[in-house]
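Here are my notes on this model, as numbered points. Please read them with the structure open.

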Amino acid sequence: MDGSLFLVARMHLSDPWQGNTSWIVEDDPPYELLDPIDVPESLLDAMYALYAATYRRIDDALNIPSPIAFFEFSRWILVQDDQGTLVGLLLLKPTPAGLKLGIVAASSAPDVTSALKCLLRQILNIDGVYAEVSDRLEQVLDGYVLCMASEHAPALTDKTVRSIGDGLHYERHIANVGPRIKILVGRPAYRET
Amino acid sequence: MTAQLEFHGIADAREKLSEIIDAVSRGQVHTLGRRKQRMVLMLPLEPYGRLFSANLQSKLALIIATQLLSEAPPHIMLPAIRELESLPIDQLVALIPTPTDDRSWATLQRSHSDPGLVKRLRKRQELCRALVEAQTSGIIDAAEHGTSSIEL
């Protein structure tokens with residue numbers, strides 16, 4: 001996995017979600033190699049509109065004030081419906097431990113949320129893909145993906161954490177949010193040090 | 001410059017070699033040495049291997065891109081270097097010294113033989129600055145945490 005590449009994959013809602021998604025940790029098609037400054041404004045606008053609609057259902061205060069922050073993540077998986085409308089997105093970034101899930105957004109249509117749930121459960125079972133989760137997303141993934149021991153959290157998050165006793169969850173300070181209980185799930189390629 | 005670079009003594013480097021290689025491969029520059037004296041520089045091959053290339057365009061491209069986008073993550077930095085190293089030397093030399101403010105960007109835009117290239121470089125710098133600001137202000141961390149609240 002080459003962390004210097006900016007890759008965008010477009011998938012369709014009607015794609016077979018139970019199919020092989022191991023390409024997510026490779027650098028090949030369906031990923032398309034793009035120069036970040038050549039991403040069309042229309043795509044960024046559509047992504048931001050979807051992000052805003054997703055998170056306004058939860059809270060009026062959006063964390064990301066403009067689509068520029070999406071470029072923190074160098075692997076974008078965009079899900080379109082049959083009309084070509086963007087209905088879901090997953091943004092990930094390569095780290096030393098593998099590909100880390102960053103941002104997810106989805107329309108509220110049942111077929112979209114169902115497809116995204118399925119995709120998330122699937123990719124987080126691929127070697128080298130992981131996520132730090134809590135709250136609703138933790139419930140969505142519960143029973144479908146591996147949980148990491150909290151002792152690995154400092155190395156995997158590069159943050160100071162405090163284990164809270166069950167050996168899996170830990171508390172860490174989230175910038176602009178405060179202390180939150182989190183858990184690492186998936187299959188990171190971590191190394192004992 | 002070296003005062004800002006992470007230093008490792010031999011014992012420390014032996015113990016943390018794997019960690020150091022991970023850090024360097026992520027774009028950090030580390031130094032090794034004996035008795036607190038820096039003797040060895042560890043650079044990521046991509047993009048710094050260009051320093052040892054016989055190709056002058058590659059060296060100039062690296063210098064210009066690192067001057068303009070010093071804090072850019074690899075997926076923002078590398079496309080800039082690749083675009084620059086494909087240019088003729090005269091076009092690259094005309095980008096040095098690299099612009100530092102609105103006025104020098106405007107001057108370069110007027111004087112350079114490829115104003116489109118200058119515009120793209122400036123767009124890269126703006127993107128890089130916005131990303132650094134998003135990281136340092138905590139927007140990215142908060143947004144990643146926000147993902148856990150999504151209703152699926």
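**Notes on the two chains**

1. Start with one bridge in chain B: B:G33 has B:R38 as its bridge partner in strand 3 of chain B. Strands here are DSSP runs (E, at least two residues), as are helices (H or I, at least four), numbered from the N terminus.

2. Some ground rules. This is a predicted model, where local features need pLDDT of at least 70, side-chain atom pairs count only at pLDDT 80 or more, and totals for chains, interfaces and linings use all residues. Residues are numbered from 1 along each chain as its sequence is written, while chains are lettered from A and ligands numbered from 1 in the order in which they are written.

3. Strand 2 (residues 30-34) and strand 3 of chain B run antiparallel, joined by five bridges. The two form a hairpin with two residues between them. In that turn, B:R35 has a positive phi of about 45°.

4. The sheet in chain B is open, with three strands in the order 1-2-3 and mixed pairing. To pair, two strands need at least two DSSP bridges between them. Strand 1 (6-9) and strand 3 of chain B are the edge strands, each pairing on one side only. From one strand to the next, the twist averages 35°.

5. Is strand 3 (residues 37-42) of chain B well covered or hardly covered? Hardly: the count of buried residues among its six is zero. Buried means 20 or more other C-beta atoms within 10 Å of the residue's own, with C-beta atoms placed from the backbone.

6. Now the interface. 40 residues of chain A are in contact with 32 residues of chain B. Contact means C-beta atoms, placed from the backbone, within 7 Å. Helix 3 of chain A gives the largest share of chain A's side, five residues.

7. Finally, the largest nonpolar core has 72 residues. Such a core is a set of buried Ala, Val, Leu, Ile, Met, Phe, Trp, Tyr and Cys residues joined through C-beta atoms within 7 Å. A:L89, A:V185 and B:A65 touch the most other members. Leaving aside neighbours within four places in sequence, A:V185 is in contact with residues including A:L124, A:Y130 and A:M148.

Conventions. A residue is buried if 20 or more other C-beta atoms lie within 10 Å of its own, exposed if 12 or fewer, and partly exposed in between; C-beta atoms are placed from the backbone. Two residues are in contact if their C-beta atoms, placed from the backbone, lie within 7 Å. Axes are lines fitted to C-alpha atoms, for helices over the stretch in contact, and angles run from 0 to 180 degrees between N-to-C directions.
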